[in-house]
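Please keep the sequence and the model at hand while reading.

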Protein chains: 2
Amino acid sequence: TGTPLAPLLAESGLDDHAVEVAFLGADRGVQGEDEHDYGRSLAVVDAMRPEVLLAYEMNGAPLTPQHGSPLRLVVPGWYGMTSVKWLTSIEAVAEPFEGWQQAVAYRYTEDADDPGTPVNRIRVRSMMIPPGIPDFFTRERIVDAGPVTLTGRAWSGNGGIARVEIGVDGQWAIAKLDPPVGEFAWRGWRAEWTATPGEHELACRATDTAGELQPLHPVWNYQGMGNNAVQRVSVTVR
Amino acid sequence: TGTPLAPLLAESGLDDHAVEVAFLGADRGVQGEDEHDYGRSLAVVDAMRPEVLLAYEMNGAPLTPQHGSPLRLVVPGWYGMTSVKWLTSIEAVAEPFEGWQQAVAYRYTEDADDPGTPVNRIRVRSMMIPPGIPDFFTRERIVDAGPVTLTGRAWSGNGGIARVEIGVDGQWAIAKLDPPVGEFAWRGWRAEWTATPGEHELACRATDTAGELQPLHPVWNYQGMGNNAVQRVSVTVR
């Protein structure tokens, strides 16, 4: 719960010199030998999107300190580093913001010297509620033989969810999507599985409306950013 | 927020054969090669204490799944394993409850074969809000020279907080206690420190009204249970 940012920017007289809007938070520290307040920016066109909020409540209660009270930015569809907590300033800037968290930290890079490309929208991803019960230490799951309804969620920052597939021992089948509950909400899904005794590997993967499919294995980058490889769940059926 | 357990036990006709009250939760799994629902018990005298609650709300909102909705046990002053989540049954038993989480898991033991003694009430402990700003990777703190107000909390399951001390480079001084806000609430404390340039180690330690003082180093036991050694914070003053 919050107030849309765009009307505030419009009312404050944002002009044609502005290329970005920079957001600073109250969390100060030293990272990469650079002392700074946590800060991130958005291109003006992204900052003006109607879904971008300044949030002060969550689930009907005031925002808690750990979620960024009294006021935080919320940018649906972007990775969480974008949604600056404990906001202290919002400034339209005529040059690209070069703060450490923008220019250095959150980048897809090949090595320590690569300037790379910015991390921005959330890559398509899905997760499954592991069926059955866990083994405490291995986290493997134990499932009784017979019909099992697998359920989970899928999401993407680049559009809606077009398809979710369930993999059982590497064989993929289409899951049923629940009705969408909002443009930026997780999309529920479910699939029926007849569990047969023995060891199995379950997996799920989503495709978004932009046509992107989750990779079977993590796509390497120097900092391990934006990993959206498929989740795999080891199951023993008894 | 919840309802006291004692009146419910009284109304249900708890009789002299009952030695303990056993609580089972919906979280089932395999631990120690034993498949079981998470379960814990309390001696009748402990279960009947007025502060023991069946909770269904928290901070004015319905209990969330991760906190044990729809109903969980809350036993103030005891380590968290006592406060069984996702309650499915409450049963008065005529013999001590021997569930795995009671008889095997939460014990102070010397080795794998030692039956040990039960973990129960929370040992006296205190924590400090680290002053200044962090270095991201080392978590050391950077503080400007001059007056600094150190603040934190102290608590004990064995009575109130009698004293909190602040250690600066191994020299201890008494902190000022905030007014108590409740029998089972954290006790706030504060202390003034004049930060001088260089490297320092800050620490805090509490003594409870039962006369127990936090140890300077962890007291060894086989499972590392109940560690209440003093917190130490490395600080560089500039």
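This is a predicted model: local features need pLDDT of at least 70, side-chain atom pairs count only at pLDDT 80 or more; totals for chains, interfaces and linings use all residues.

By residue class, the side of chain B that touches chain A holds five nonpolar, two polar and four charged residues.

**The interface between the chains**

Eleven residues of chain B and eleven residues of chain A take part in the contact. Together the two chains bury about 1,000 Å², and 55% of this area lies on carbon and sulfur atoms. Three residues, Val30(B), Gln31(B) and Ile133(B), account for 41% of the area that chain B buries against chain A, more than any other three residues.

Two salt bridges are found across the interface of chain B and chain A. A salt bridge joins the side chains of Arg238(B) and Glu35(A), with a distance of 2.7 Å from N to O.

**The interface within chain A**

The domain assignment divides chain A into domain 1 (2-105) and domain 2 (125-237). Taken over C-alpha atoms, the centres of domain 1 of chain A and domain 2 of chain A are 32 Å apart. Six residues of domain 1 of chain A and five residues of domain 2 of chain A form the contact.

Between them, domain 1 of chain A and domain 2 of chain A bury about 420 Å², with 57% of it on carbon and sulfur atoms. Gly77(A), Tyr79(A) and Ala105(A) provide 63% of the area that domain 1 of chain A buries against domain 2 of chain A, more than any other three residues.

The count of salt bridges between domain 1 of chain A and domain 2 of chain A is zero, and the rule finds one residue pair in polar contact there, both residues being at pLDDT 80 or more. The side of domain 1 of chain A that touches domain 2 of chain A consists of four nonpolar residues, one polar residue and one charged residue.

**The buried areas in brief**

The size of an interface is often given as the accessible area lost when the parts come together. The table lists this quantity for both interfaces.

| Interface | Buried area and share on carbon and sulfur atoms |
|---|---|
| Chain B and chain A | about 1,000 Å², 55% on carbon and sulfur atoms |
| Domain 1 of chain A and domain 2 of chain A | about 420 Å², 57% on carbon and sulfur atoms |

Technical notes: Residues are numbered from 1 along each chain as its sequence is written. Chains are lettered from A and ligands numbered from 1 in the order in which they are written. Side-chain values use heavy atoms; hydrogens and water are left out. Contact means heavy atoms within 4.5 Å. Buried area is the accessible area (1.4 Å probe) that two parts lose on being put together, summed over both. A salt bridge is a side-chain nitrogen of Lys or Arg within 4 Å of a carboxyl oxygen of Asp or Glu. Ala, Val, Leu, Ile, Met, Phe, Trp, Tyr, Cys and Pro count as nonpolar, Asp, Glu, Lys and Arg as charged, and the others, Gly among them, as polar. Domain bounds come from an automatic or database domain assignment. A polar contact is a pair of N or O atoms within 3.5 Å; within protein, one must be able to donate a hydrogen and the other to accept it, and residues adjacent in sequence count only if both atoms are side-chain atoms.
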